Amino acid sequence: MTDRVNNFPPLPAFLRIKPCFYQNIEDEIPAPHQQLVRRVYTLWMLYSGTLCMNVISCIAWWAGGGSATNFGFSLLWLILFSPCSYTCWFRPLYKAFRADSSFNFMAFFFIFFLQCVLALIQTIGFSSWGTCGWIATVVFFSTNVGSAIVMLITTVLFTLVTVLMGLVLIKVHRLYRGGGGSMQRAQEEWSTGVWKSAPVREAGFNAVAQTAQGPTLPQYPAAVPSYPDNSRW
């Protein structure tokens, strides 16, 4: 296999900071699940874009007479949640479909459920939390209509993201359970160390190949996950 060079996030070549991950949905994800993984990736980008829009809305909120605290928290949420959401729930899902890893599926379910709860809280929009949700937006219409309209755009985006996240969670869970996935499989992967790296799943096969041909580069499993998909999404 050719050497895989990290390509995500895509950064300019002149920067000394290099990409941290290798992502290639066409080559690494089984064909039946590529569309789902792409959609989850698009959902991550939509969530990150919503956090960016939230910063703009909090500036409008501040300019219309709101608290500067909301603007500060909105910047914090953007800097914190954009990379963390990619690392903590998209990458586990990506690796779960790539290597048929029950451990990564369980990690995705746990973290993504918390993400759904967080998105719901952001959609509600409690005051001084740095998010333009429904409560903050509706209340601010009586103070400054122009700022409230800008805030409403973010509120609608948060609502859309929350609904889509709930649909994704249900969809992936049905696929996983339909394919025979369980907590027991995840525990077995944890106890055997298979979850650490996809090449471990082929250790026996590669050991024979190395004996005959010499050392080889790590390979991803030839067997791809088989999860039934009887519904269109």
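Buried means under 20% relative accessible area, exposed means over 50%, and partly exposed lies in between, with a 1.4 Å probe and protein chains only. By that rule Arg4 is partly exposed, at 30% relative accessibility. This is a predicted model: local features need pLDDT of at least 70, side-chain atom pairs count only at pLDDT 80 or more, and totals for chains, interfaces and linings use all residues. Residues are numbered from 1 along each chain as its sequence is written, and side-chain values use heavy atoms, with hydrogens and water left out.

**Nonpolar cores**

- A nonpolar core is a set of buried Ala, Val, Leu, Ile, Met, Phe, Trp, Tyr and Cys residues joined through side-chain atoms within 4.5 Å.
- The largest such core has 35 residues. Phe112 and Met165 have the most contacts inside it.
- Helices H2 (31–63), H3 (68–99), H4 (102–124) and H6 (145–178) are the elements that each give two or more residues to this core. Helices (H or I, at least four residues) and strands (E, at least two) are DSSP runs, numbered from the N terminus.
- H3 gives the most to this core, with nine residues.
- Phe112 is in contact (heavy atoms within 4.5 Å) with Leu43, Trp89, Met165, Val168 and Leu169, leaving aside neighbours within four places in sequence.
- A second, separate core has six residues. Among them are Cys58, Trp61, Cys132 and Phe140.

**Salt bridges**

- Side chains of opposite charge can pair when their charged atoms come close.
- A salt bridge is a side-chain nitrogen of Lys or Arg within 4 Å of a carboxyl oxygen of Asp or Glu. The count comes to three by this rule.
- Arg4 pairs with Glu28 at 3.0 Å, N to O. Arg4 sits in the segment before helix H1 (25–28), and Glu28 sits in H1; the pair links distant parts of the chain, 24 residues apart.
- Glu28 is buried because its relative accessible area is 7%.
- Arg98 also meets Glu28 in a salt bridge, at 4.0 Å, N to O. Arg98 lies in helix H3 and Glu28 in helix H1, so this pair ties together parts 70 residues apart in sequence.
- Arg98 counts as buried, at 12% relative accessibility.
- Shared partners join Arg4, Glu28 and Arg98 into one network of salt bridges.
- Arg38 forms a salt bridge with Glu26, the closest N and O atoms being 3.2 Å apart. Arg38 lies in helix H2 and Glu26 in helix H1, so the pair ties together parts twelve residues apart in sequence.
- Arg38 is partly exposed at 33% relative accessibility. Glu26 is partly exposed too, with a relative accessible area of 48%.

**Backbone and loops**

- Most residues other than glycine have a negative phi, and most peptide bonds are trans.
- A cis peptide bond joins Phe8 and Pro9, with omega about 0°. Pro9 is found in the segment before H1.
- Asp100 is placed in the loop between H3 and H4. Its phi is positive, near 50°, in a residue other than glycine.
- Asp100 counts as buried because its relative accessibility is 16%.
- Asp100 and Ile29 are 71 residues apart in sequence and 9.9 Å apart in space, C-alpha to C-alpha.
- Ser128 lies in the loop between H4 and helix H5 (134–140). Ser128 is not a glycine, yet has a positive phi of about 70°.
- Ser128 counts as partly exposed, at 39% relative accessibility.
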